[in-house]
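I opened my notebook for a first walk through this one. Here is what I looked up, in the order I went.

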Amino acid sequence: MKITRVETIPVSVPLKQGLSTKTAGGQHVVSPYVMVRVHTDECLVGVGEATLSPRWSGETSPGCVAAIEGLIAPQLVGRDPTAVADLTARMNGTIRFNPFTKAAVEMALWDLAGKVAGVPVCQLLGGKVRDELPMKMVVGAFEVGEAVELARRFLKWGARCLKVKVGFDADQDVERVRAVRQLAGADIPIGIDANQGWDLATARRALARLEDCDLLFAEQPVPIDDPEDLARLRRDTRVPIMADESIFTLTDARRLTALGAADVLSVYPGKHGGIAATREIVQVGRAAGIVSSMGSNLELGVATAAMLHVGAAEQAIDSERYPGDFLGPLYHESDLLTEPLELGPEVARLPRGPGLGVELDEEQLELYRDTSRQAAPLGEPSGG
(Lines give C-alpha, C1' and ligand atoms only; values in the text may rest on other atoms or scores of the structure.)
Protein backbone atom coordinates (compact mmCIF):
# COMPACT_ATOMS: atom_id res chain seq x y z
CA MET A 1 0.00 0.00 0.00
CA LYS A 2 1.24 3.47 -0.89
CA ILE A 3 0.09 6.99 -0.10
CA THR A 4 -1.21 8.69 -3.23
CA ARG A 5 -2.39 12.05 -1.93
CA VAL A 6 -2.71 14.18 1.21
CA GLU A 7 -5.89 16.25 1.05
CA THR A 8 -6.50 19.38 3.15
CA ILE A 9 -9.98 20.79 3.79
CA PRO A 10 -10.22 24.12 5.65
CA VAL A 11 -13.42 24.43 7.67
CA SER A 12 -14.98 27.10 9.85
CA VAL A 13 -17.34 25.71 12.48
CA PRO A 14 -19.08 28.08 14.93
CA LEU A 15 -19.63 27.28 18.55
CA LYS A 16 -23.23 26.81 19.70
CA GLN A 17 -25.17 29.81 20.91
CA GLY A 18 -24.32 30.40 24.56
CA LEU A 19 -21.36 28.01 24.51
CA SER A 20 -18.56 30.27 23.31
CA THR A 21 -15.62 30.27 25.68
CA LYS A 22 -13.75 33.23 27.17
CA THR A 23 -10.22 32.90 28.51
CA ALA A 24 -7.30 35.16 29.30
CA GLY A 25 -6.24 34.54 25.69
CA GLY A 26 -9.48 35.87 24.18
CA GLN A 27 -12.98 34.67 23.27
CA HIS A 28 -13.49 31.59 21.10
CA VAL A 29 -16.67 31.80 18.98
CA VAL A 30 -15.69 30.02 15.75
CA SER A 31 -13.13 27.33 14.92
CA PRO A 32 -11.08 27.79 11.71
CA TYR A 33 -9.62 24.29 11.52
CA VAL A 34 -8.29 22.00 8.77
CA MET A 35 -9.43 18.44 8.14
CA VAL A 36 -6.88 16.11 6.57
CA ARG A 37 -7.39 12.98 4.51
CA VAL A 38 -4.50 10.68 3.55
CA HIS A 39 -5.45 8.67 0.44
CA THR A 40 -3.90 5.36 -0.64
CA ASP A 41 -3.74 3.26 -3.78
CA GLU A 42 -5.94 0.63 -2.12
CA CYS A 43 -8.84 3.05 -1.55
CA LEU A 44 -8.33 3.23 2.20
CA VAL A 45 -8.39 6.76 3.60
CA GLY A 46 -7.12 8.03 6.95
CA VAL A 47 -8.58 11.14 8.58
CA GLY A 48 -6.99 13.79 10.80
CA GLU A 49 -7.76 17.23 12.20
CA ALA A 50 -5.65 20.33 12.79
CA THR A 51 -7.18 22.28 15.67
CA LEU A 52 -5.58 25.62 14.90
CA SER A 53 -5.33 28.81 16.93
CA PRO A 54 -2.73 31.50 16.18
CA ARG A 55 -2.84 32.72 19.79
CA TRP A 56 -2.10 29.21 20.99
CA SER A 57 0.56 27.71 18.70
CA GLY A 58 1.05 30.40 16.06
CA GLU A 59 -0.57 28.25 13.36
CA THR A 60 -3.29 29.39 10.96
CA SER A 61 -5.53 27.55 8.54
CA PRO A 62 -3.81 28.88 5.38
CA GLY A 63 -0.41 28.19 6.91
CA CYS A 64 -1.41 24.64 7.77
CA VAL A 65 -2.64 23.98 4.22
CA ALA A 66 0.56 25.44 2.74
CA ALA A 67 2.79 23.39 5.05
CA ILE A 68 1.02 20.13 4.29
CA GLU A 69 0.63 20.60 0.55
CA GLY A 70 4.00 22.23 -0.10
CA LEU A 71 6.31 20.48 2.38
CA ILE A 72 4.82 17.49 4.17
CA ALA A 73 2.83 15.75 1.42
CA PRO A 74 5.84 15.38 -0.93
CA GLN A 75 7.63 13.49 1.86
CA LEU A 76 4.73 11.06 2.27
CA VAL A 77 3.42 10.33 -1.22
CA GLY A 78 4.56 6.95 -2.52
CA ARG A 79 5.38 5.61 0.95
CA ASP A 80 3.80 2.99 3.23
CA PRO A 81 1.19 4.78 5.41
CA THR A 82 1.56 2.25 8.22
CA ALA A 83 5.20 3.27 8.79
CA VAL A 84 4.01 5.95 11.20
CA ALA A 85 7.30 6.49 13.03
CA ASP A 86 9.31 6.86 9.82
CA LEU A 87 6.82 9.24 8.22
CA THR A 88 6.61 11.32 11.40
CA ALA A 89 10.41 11.62 11.41
CA ARG A 90 10.26 12.78 7.78
CA MET A 91 7.70 15.45 8.73
CA ASN A 92 9.83 16.64 11.62
CA GLY A 93 12.87 16.78 9.37
CA THR A 94 10.99 18.86 6.80
CA ILE A 95 9.43 21.58 8.95
CA ARG A 96 10.00 22.74 12.53
CA PHE A 97 7.28 23.43 15.09
CA ASN A 98 3.71 23.47 13.65
CA PRO A 99 2.50 20.82 16.13
CA PHE A 100 -1.20 20.91 15.28
CA THR A 101 -0.47 20.63 11.56
CA LYS A 102 1.80 17.62 12.11
CA ALA A 103 -0.66 16.05 14.54
CA ALA A 104 -3.41 16.13 11.91
CA VAL A 105 -1.28 14.19 9.44
CA GLU A 106 0.02 11.79 12.09
CA MET A 107 -3.45 10.93 13.41
CA ALA A 108 -4.56 10.22 9.83
CA LEU A 109 -1.63 7.79 9.53
CA TRP A 110 -2.62 6.07 12.78
CA ASP A 111 -6.18 5.89 11.47
CA LEU A 112 -4.91 4.16 8.32
CA ALA A 113 -2.67 1.80 10.29
CA GLY A 114 -5.64 0.73 12.40
CA LYS A 115 -7.83 0.22 9.34
CA VAL A 116 -5.15 -1.90 7.67
CA ALA A 117 -4.79 -4.04 10.79
CA GLY A 118 -8.55 -4.11 11.39
CA VAL A 119 -8.18 -2.88 14.99
CA PRO A 120 -8.79 0.37 16.90
CA VAL A 121 -5.86 2.74 17.33
CA CYS A 122 -5.84 2.11 21.09
CA GLN A 123 -5.07 -1.54 20.33
CA LEU A 124 -2.02 -0.45 18.33
CA LEU A 125 -0.98 1.56 21.41
CA GLY A 126 -0.99 -1.55 23.58
CA GLY A 127 -4.67 -1.95 24.33
CA LYS A 128 -7.11 -0.03 26.47
CA VAL A 129 -6.75 0.17 30.24
CA ARG A 130 -10.16 1.79 30.76
CA ASP A 131 -13.54 1.59 29.02
CA GLU A 132 -14.89 4.92 30.25
CA LEU A 133 -13.06 8.22 30.51
CA PRO A 134 -14.41 10.71 33.07
CA MET A 135 -14.64 14.22 31.62
CA LYS A 136 -15.29 17.79 32.69
CA MET A 137 -17.08 20.79 31.21
CA VAL A 138 -15.57 24.27 31.01
CA VAL A 139 -17.16 27.50 32.25
CA GLY A 140 -15.71 30.55 30.50
CA ALA A 141 -14.50 33.67 32.30
CA PHE A 142 -17.80 35.48 31.90
CA GLU A 143 -19.54 37.82 34.32
CA VAL A 144 -20.53 35.94 37.46
CA GLY A 145 -24.23 35.58 36.62
CA GLU A 146 -23.54 34.28 33.13
CA ALA A 147 -20.91 31.87 34.42
CA VAL A 148 -23.30 30.50 37.03
CA GLU A 149 -26.03 29.95 34.44
CA LEU A 150 -23.59 28.10 32.19
CA ALA A 151 -22.47 25.94 35.09
CA ARG A 152 -26.12 25.25 35.95
CA ARG A 153 -26.72 24.19 32.34
CA PHE A 154 -23.80 21.74 32.45
CA LEU A 155 -24.88 20.27 35.79
CA LYS A 156 -28.40 19.73 34.45
CA TRP A 157 -26.86 17.88 31.50
CA GLY A 158 -25.21 15.54 34.01
CA ALA A 159 -21.68 16.93 34.27
CA ARG A 160 -19.83 15.72 37.37
CA CYS A 161 -16.74 17.92 37.11
CA LEU A 162 -16.25 21.58 36.11
CA LYS A 163 -13.36 23.81 35.16
CA VAL A 164 -13.77 27.57 35.61
CA LYS A 165 -11.71 30.01 33.55
CA VAL A 166 -9.94 32.78 35.47
CA GLY A 167 -6.91 34.98 34.76
CA PHE A 168 -8.50 38.44 34.60
CA ASP A 169 -9.26 40.69 37.55
CA ALA A 170 -8.46 38.60 40.61
CA ASP A 171 -11.43 39.84 42.63
CA GLN A 172 -13.86 38.94 39.84
CA ASP A 173 -12.08 35.63 39.29
CA VAL A 174 -12.47 34.70 42.95
CA GLU A 175 -16.12 35.78 42.93
CA ARG A 176 -16.80 33.68 39.81
CA VAL A 177 -15.21 30.54 41.27
CA ARG A 178 -16.97 30.97 44.63
CA ALA A 179 -20.34 31.39 42.91
CA VAL A 180 -19.86 28.23 40.82
CA ARG A 181 -18.74 26.31 43.92
CA GLN A 182 -21.83 27.47 45.81
CA LEU A 183 -24.06 26.33 42.95
CA ALA A 184 -22.33 22.97 42.47
CA GLY A 185 -22.06 22.02 46.13
CA ALA A 186 -19.25 20.16 47.84
CA ASP A 187 -19.50 16.93 45.84
CA ILE A 188 -18.66 18.32 42.37
CA PRO A 189 -14.90 18.64 41.75
CA ILE A 190 -13.95 22.07 40.40
CA GLY A 191 -10.66 23.15 38.88
CA ILE A 192 -9.59 26.54 37.56
CA ASP A 193 -7.59 27.59 34.49
CA ALA A 194 -5.90 30.99 34.26
CA ASN A 195 -4.35 30.48 30.80
CA GLN A 196 -1.26 32.40 32.00
CA GLY A 197 -3.43 35.36 32.99
CA TRP A 198 -2.04 35.95 36.50
CA ASP A 199 1.45 37.02 37.50
CA LEU A 200 3.12 35.11 40.33
CA ALA A 201 2.07 37.50 43.12
CA THR A 202 -1.55 37.57 41.94
CA ALA A 203 -1.65 33.78 41.63
CA ARG A 204 -0.35 33.37 45.18
CA ARG A 205 -3.00 35.70 46.60
CA ALA A 206 -5.86 34.28 44.51
CA LEU A 207 -5.10 30.66 45.35
CA ALA A 208 -4.84 31.53 49.04
CA ARG A 209 -8.27 33.18 48.89
CA LEU A 210 -9.71 30.12 47.12
CA GLU A 211 -8.39 27.52 49.55
CA ASP A 212 -11.84 27.00 51.06
CA CYS A 213 -13.23 26.15 47.59
CA ASP A 214 -11.39 22.81 47.63
CA LEU A 215 -10.00 23.21 44.12
CA LEU A 216 -9.11 20.04 42.22
CA PHE A 217 -6.29 21.85 40.37
CA ALA A 218 -5.06 25.22 39.15
CA GLU A 219 -4.11 25.06 35.47
CA GLN A 220 -1.33 27.30 34.11
CA PRO A 221 -1.82 30.07 36.70
CA VAL A 222 1.25 32.04 35.54
CA PRO A 223 2.99 32.84 32.22
CA ILE A 224 5.43 30.43 30.64
CA ASP A 225 8.31 32.94 30.50
CA ASP A 226 10.01 31.61 33.63
CA PRO A 227 9.34 27.93 34.48
CA GLU A 228 10.75 28.61 37.94
CA ASP A 229 7.67 30.72 38.70
CA LEU A 230 5.46 27.66 38.33
CA ALA A 231 7.76 25.77 40.71
CA ARG A 232 7.72 28.65 43.21
CA LEU A 233 3.93 28.78 43.12
CA ARG A 234 3.66 25.04 43.60
CA ARG A 235 5.75 25.30 46.75
CA ASP A 236 3.49 28.07 48.09
CA THR A 237 0.07 26.43 47.64
CA ARG A 238 -1.74 23.24 48.50
CA VAL A 239 -3.73 23.36 45.25
CA PRO A 240 -2.32 20.89 42.70
CA ILE A 241 -0.65 22.79 39.85
CA MET A 242 -1.38 21.68 36.29
CA ALA A 243 0.99 22.73 33.49
CA ASP A 244 -0.52 23.37 30.06
CA GLU A 245 0.95 26.18 27.94
CA SER A 246 4.29 25.44 29.64
CA ILE A 247 4.51 22.02 28.04
CA PHE A 248 4.49 21.60 24.27
CA THR A 249 7.62 19.52 23.70
CA LEU A 250 9.54 16.65 25.24
CA THR A 251 12.19 19.17 26.28
CA ASP A 252 9.51 21.18 28.10
CA ALA A 253 8.42 18.03 29.93
CA ARG A 254 11.96 17.23 31.03
CA ARG A 255 12.54 20.78 32.26
CA LEU A 256 9.28 21.03 34.21
CA THR A 257 9.62 17.64 35.86
CA ALA A 258 13.23 18.37 36.81
CA LEU A 259 12.13 21.64 38.42
CA GLY A 260 9.25 19.99 40.27
CA ALA A 261 7.03 22.66 38.73
CA ALA A 262 3.78 20.70 38.35
CA ASP A 263 1.61 18.06 39.97
CA VAL A 264 -0.21 17.30 36.69
CA LEU A 265 0.72 17.61 33.01
CA SER A 266 -2.03 18.68 30.61
CA VAL A 267 -1.45 16.75 27.37
CA TYR A 268 -3.17 16.13 24.05
CA PRO A 269 -2.07 15.10 20.55
CA GLY A 270 -2.56 18.45 18.80
CA LYS A 271 -0.36 20.40 21.18
CA HIS A 272 2.49 17.89 21.08
CA GLY A 273 2.52 17.17 17.36
CA GLY A 274 0.85 13.78 17.42
CA ILE A 275 -0.17 10.68 19.33
CA ALA A 276 3.33 9.24 19.67
CA ALA A 277 4.80 12.48 21.00
CA THR A 278 1.98 12.76 23.53
CA ARG A 279 2.77 9.29 24.86
CA GLU A 280 6.45 10.21 25.21
CA ILE A 281 5.58 13.23 27.34
CA VAL A 282 3.19 11.19 29.46
CA GLN A 283 5.97 8.68 30.15
CA VAL A 284 8.42 11.42 31.13
CA GLY A 285 5.86 12.58 33.67
CA ARG A 286 5.22 9.04 34.84
CA ALA A 287 8.95 8.45 35.41
CA ALA A 288 8.96 11.55 37.62
CA GLY A 289 5.87 10.40 39.54
CA ILE A 290 3.62 12.97 37.85
CA VAL A 291 0.28 12.04 36.31
CA SER A 292 -1.18 13.57 33.15
CA SER A 293 -4.63 14.83 32.25
CA MET A 294 -6.15 15.18 28.77
CA GLY A 295 -6.41 18.84 27.84
CA SER A 296 -8.11 20.42 24.84
CA ASN A 297 -8.07 23.15 22.22
CA LEU A 298 -11.82 22.68 21.59
CA GLU A 299 -11.45 19.92 19.02
CA LEU A 300 -14.06 18.64 16.60
CA GLY A 301 -14.86 14.95 16.24
CA VAL A 302 -11.74 13.51 14.61
CA ALA A 303 -9.19 15.02 16.99
CA THR A 304 -11.40 14.19 19.98
CA ALA A 305 -11.47 10.56 18.83
CA ALA A 306 -7.67 10.58 18.77
CA MET A 307 -7.65 11.97 22.31
CA LEU A 308 -9.99 9.20 23.45
CA HIS A 309 -7.75 6.47 22.05
CA VAL A 310 -4.70 7.90 23.80
CA GLY A 311 -6.61 8.42 27.03
CA ALA A 312 -7.95 4.89 26.96
CA ALA A 313 -4.51 3.34 26.37
CA GLU A 314 -2.36 5.35 28.81
CA GLN A 315 -2.58 4.42 32.49
CA ALA A 316 -0.73 7.59 33.49
CA ILE A 317 -3.40 9.83 31.91
CA ASP A 318 -5.39 9.81 35.12
CA SER A 319 -8.89 10.73 33.99
CA GLU A 320 -10.31 9.16 37.14
CA ARG A 321 -8.60 11.73 39.37
CA TYR A 322 -8.39 14.59 36.84
CA PRO A 323 -11.24 14.21 34.32
CA GLY A 324 -10.27 15.01 30.74
CA ASP A 325 -11.36 17.73 28.32
CA PHE A 326 -13.13 15.38 25.89
CA LEU A 327 -15.65 18.12 25.26
CA GLY A 328 -14.96 20.04 22.05
CA PRO A 329 -17.74 18.49 19.92
CA LEU A 330 -20.34 19.37 22.56
CA TYR A 331 -19.55 23.09 22.11
CA HIS A 332 -19.67 23.18 18.29
CA GLU A 333 -22.55 23.37 15.85
CA SER A 334 -21.16 20.26 14.15
CA ASP A 335 -18.52 17.63 14.89
CA LEU A 336 -18.29 16.84 11.12
CA LEU A 337 -18.80 13.11 11.82
CA THR A 338 -21.33 10.67 10.38
CA GLU A 339 -21.95 9.36 13.93
CA PRO A 340 -21.41 11.50 17.03
CA LEU A 341 -19.00 10.42 19.74
CA GLU A 342 -20.34 9.25 23.09
CA LEU A 343 -19.44 12.22 25.26
CA GLY A 344 -21.14 12.05 28.66
CA PRO A 345 -20.95 14.76 29.79
CA GLU A 346 -20.02 12.63 32.81
CA VAL A 347 -17.91 10.06 30.95
CA ALA A 348 -16.72 9.61 27.37
CA ARG A 349 -16.45 6.30 25.53
CA LEU A 350 -14.27 5.11 22.68
CA PRO A 351 -15.77 5.08 19.19
CA ARG A 352 -16.23 1.61 17.72
CA GLY A 353 -14.49 0.35 14.62
CA PRO A 354 -10.95 0.09 13.26
CA GLY A 355 -8.56 3.03 13.23
CA LEU A 356 -9.93 6.09 14.99
CA GLY A 357 -13.43 4.66 14.53
CA VAL A 358 -14.90 7.79 12.94
CA GLU A 359 -15.81 8.95 9.43
CA LEU A 360 -16.28 12.45 8.06
CA ASP A 361 -19.79 13.49 7.07
CA GLU A 362 -19.55 14.77 3.50
CA GLU A 363 -22.62 17.01 3.75
CA GLN A 364 -21.41 18.66 6.95
CA LEU A 365 -17.94 18.97 5.50
CA GLU A 366 -19.27 20.89 2.51
CA LEU A 367 -21.57 22.99 4.69
CA TYR A 368 -18.67 24.21 6.84
CA ARG A 369 -15.94 24.20 4.18
CA ASP A 370 -14.09 27.53 4.30
CA THR A 371 -12.93 28.54 0.84
CA SER A 372 -11.76 31.93 2.13
CA ARG A 373 -8.92 30.28 4.00
CA GLN A 374 -7.25 28.40 1.16
CA ALA A 375 -3.51 29.00 1.20
CA ALA A 376 -1.56 30.74 -1.51
CA PRO A 377 1.03 28.51 -3.28
CA LEU A 378 4.08 27.97 -1.11
CA GLY A 379 6.52 30.85 -1.45
CA GLU A 380 3.93 33.34 -2.74
CA PRO A 381 2.33 36.09 -0.63
CA SER A 382 -1.18 35.37 0.59
CA GLY A 383 -2.35 38.97 0.34
CA GLY A 384 -1.87 42.44 1.73
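Helices here are DSSP runs of H or I with at least four residues, strands are runs of E with at least two, and both are numbered from the N terminus. I kept in mind that this is a predicted model, where local features need pLDDT of at least 70, side-chain atom pairs count only at pLDDT 80 or more, and totals for chains, interfaces and linings use all residues. Residues are numbered from 1 along each chain as its sequence is written, and side-chain values use heavy atoms, with hydrogens and water left out.

**Entry 1: E49**

I began with E49, which I found in strand β5 (residues 45-50). Is E49 buried or exposed? It is buried, and I use that word for under 20% relative accessible area, with exposed for over 50% and partly exposed in between (1.4 Å probe, protein chains only). E49 has no salt bridge, a term I keep for a side-chain nitrogen of Lys or Arg within 4 Å of a carboxyl oxygen of Asp or Glu. The nearest side chain of opposite charge is R37, 13 Å away; Lys and Arg count as positive, Asp and Glu as negative, and His and the chain ends are not counted.

I then looked for polar contacts, meaning pairs of N or O atoms within 3.5 Å; within protein, one must be able to donate a hydrogen and the other to accept it, and residues adjacent in sequence count only if both atoms are side-chain atoms. The side chains of E49 and T51 make one of 3.1 Å. The E49 side chain also reaches the backbone nitrogen of L300 at 2.8 Å. Leaving aside neighbours within four places in sequence, E49 has contacts (heavy atoms within 4.5 Å) that include Y33, F100, M107 and L300.

**Entry 2: helix α3**

Next I checked the length of α3 (residues 99-117). G118 follows α3 and has a positive phi, near 75 degrees.

**Entry 3: the sheet**

I traced an open sheet of seven strands with parallel pairing, in the order β7-β8-β9-β10-β11-β12-β13. β7 (137-139) and β13 (291-294) are at the edges with a single partner strand each, so one side of each has no neighbour in the sheet. Two strands pair if DSSP finds at least two bridges between them. β9 (residues 190-193) and β10 (residues 218-219) pair over two bridges, and I192 has A218 as its bridge partner. β12 (residues 264-267) and β13 pair over four bridges, with V264 partnered by V291.

What covers my interest in β13 is its two faces: V291 and S293 on one side and S292 and M294 on the other are all buried.

I found a positive phi of about 70 degrees at Q196, which is not a glycine. Q196 lies in the loop between β9 and α7 (200-209) and is partly exposed at 27% relative accessibility. L298 is not a glycine either, and its phi is positive at about 60 degrees. L298 sits in the loop between β13 and α12 (301-313) and is buried at 8%. I also noted a cis peptide bond between G344 and P345, with omega about 20 degrees.

In α8 (residues 227-236), I found D229, L230, A231 and L233 buried. The buried residues of α8 pack against α7, β11 (241-243) and α9 (250-259). D226 caps the N-terminal end of α8, with a side-chain oxygen 3.0 Å from the backbone nitrogen of E228.

How many salt bridges does a search of the whole structure find? It finds 28. One of them joins R209 and D171, whose closest N and O atoms are 2.8 Å apart. R209 is in α7 and D171 in α6 (residues 170-184), so the pair ties together parts 38 residues apart in sequence. R234 and D263 meet in another, at 3.0 Å, N to O.

How values were computed. Expected span 1.5 Å × (residues − 1).
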